[in-house]
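Student: Please take one part of this structure and examine it closely. I should like a single connected account that then sets that part within the chain as a whole.

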Amino acid sequence: MTQPHQQEMDFGVFATAAANHARRRNAPPQPDRDGLFDAEGVTIIAGHRQCAVEVESDLFADIQFKETKVRVTAIAPGRWDAVAALAACTRAHGNRVYEVDYATAKPTNPGGLDEIRIARVVGADGVRPYLSKKGRYFEAAYGVWAPVERPLETEQGFRETFRVSAGKPTWVFRKLFDGFAPDGRRHRFAGDPTVRRSLRALEDAGLVRLELGPRGGMATAKVRWTERAFLAPVLSAEDEAAMGMLA
């Protein structure tokens with residue numbers, strides 16, 4: 001049986017007169033205070049990727065695409081993790097899930113963002129966040145270059161340019177962080193298919209908010225990180241003592 005949310009998120013419909021209705025129909029689910037989703041939220045996440053959901057109990061749900069069914073275990077009764085739901089749908093499609101290799105990953109947490117949490121969501125949706133071997137783009141003290149050709153070593157300042165090593169972010173994953181325009185009003189790489197796919201997964205997981213462009217497109221979308229995308233603030237010794245007294 002077709003689920004009510006079992007349709008692709010068609011961002012083009014947001015430019016029509018029925019924009020508000022389309023947004024309600026395709027709106028991302030809202031996690032609880034722990035970042036978990038109920039059965040309806042899991043159904044919406046899976047439905048955006050043409051997967052059906054059959055909730056067996058408060059502890060188990062089956063996510064299915066065509067004839068392939070993958071079981072997801074709840075974190076708490078009636079509450080599921082977005083990463084598990086995304087990974088189950090990706091596997092049901094027959095695609096690879098990229099889990100974070102904590103031994104080799106080199107997160108820098110730019111701007112205080114929780115890079116590993118973001119990487120887990122992106123990887124669960126089938127986008128590789130970190131390199132497993134040397135990358136095809138180059139970096140140096142002066143910046144990063146796309147995988148087109150190596151900068152001329154005769155140019156001053158480029159003599160120490162080298163290929164990015166394993167454990168560093170892939171080119172697409174890097175663009176999620178440094179793709180914001182100087183005015184902060186749009187994401188410069190949201191029109192790229194893989195970046196767009198990652199942003200949609202992050203929106204479904206509650207880590208970003210997307211405000212589509214004037215014609216309903218992703219290429220001019222505004223992207224905002226939510227509070228859940230950032231690392232928890234580090235408390236000072238005085239703050240920890242105060243929290244202990246309140247407890």
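Tutor: A disulfide is a pair of cysteine sulfur atoms within 2.5 Å. The model is predicted: local features need pLDDT of at least 70, side-chain atom pairs count only at pLDDT 80 or more, and totals for chains, interfaces and linings use all residues. Residues are numbered from 1 along each chain as its sequence is written, and side-chain values use heavy atoms, with hydrogens and water left out.

A search of the whole structure finds one disulfide, and this is the part to examine. Its partners are Cys51 and Cys89, whose sulfur atoms lie 2.1 Å apart. The disulfide is right-handed because the torsion about the S-S bond of Cys51 and Cys89 is about 90°. Distant parts of the chain are linked by this pair: Cys51 belongs to the loop between H2 and S2, Cys89 to helix H3, and the two are 38 residues apart. Helices (H or I, at least four residues) and strands (E, at least two) are DSSP runs, numbered from the N terminus. Both Cys51 and Cys89 are buried, that is, under 20% relative accessible area, where exposed means over 50% and partly exposed lies in between (1.4 Å probe, protein chains only).

Three strands, in the order S2-S3-S4, form an open sheet with antiparallel pairing; two strands pair if DSSP finds at least two bridges between them. Strand S2 (52-55) and strand S4 (68-73) are the edge strands, each pairing on one side only. From one strand to the next, the twist averages 25°. Six bridges join strand S3 (residues 60-65) to S4 in the antiparallel sense. Within this pairing, Ala61 stands opposite Val72 in S4, and Asp62 has Arg71 in S4 as its bridge partner. S3 and S4 make a hairpin with two residues between them, and Lys66 in the turn has a positive phi of about 55°.

Two helices lie across this sheet. Helix H2 (residues 39-47) lies across S2 and S3 and runs at about 160° to S2. Helix H3 (residues 82-92), the helix that holds Cys89, lies across S3 and S4 and runs at about 165° to S4. Such angles run from 0 to 180 degrees between N-to-C directions, with axes as lines fitted to C-alpha atoms, for helices over the stretch in contact.

The buried residues of H2 are Gly41, Val42, Thr43, Ile44, Ile45, Ala46 and Gly47. They pack against strand S1 (36-37), S2, S3, strand S5 (80-81), H3 and H6. Gly41 also has a spatial relation to Gln30: the two are 11 residues apart in sequence and 7.1 Å apart in space, C-alpha to C-alpha. Gln30 is located in the loop between helix H1 (19-26) and S1, and its relative accessibility of 64% makes it count as exposed.

Helix H6 (residues 193-204) contains Ser198, which counts as buried at 0% relative accessibility. Leaving aside neighbours within four places in sequence, Ser198 is in contact (heavy atoms within 4.5 Å) with Val122, Val127, Val172 and Leu176. Val172 and Leu176 are among the buried residues of H5, as are Phe173, Arg174, Lys175 and Phe177. Helix H5 (residues 171-178) is mostly covered, with six of its eight residues buried.

Turning to the chain as a whole, there are seven helices and 10 strands. Buried residues make up 43% of the 247 residues. Among contacts with a separation of 6 or more, 53% are between residues 24 or more positions apart.

The confidence of the prediction sets limits on this account. The mean pLDDT of the chain is 80, and 71% of its residues reach 70 or more; pLDDT is the predictor's confidence in each residue, from 0 to 100. Residues 1-17 have a pLDDT below 50, although the model gives this stretch 45 contacts beyond near neighbours in sequence. Over residues 147-151 the pLDDT stays under 50, and the model has nine contacts beyond four places in sequence for them. Where pLDDT is low, the predicted coordinates should not be read in detail.
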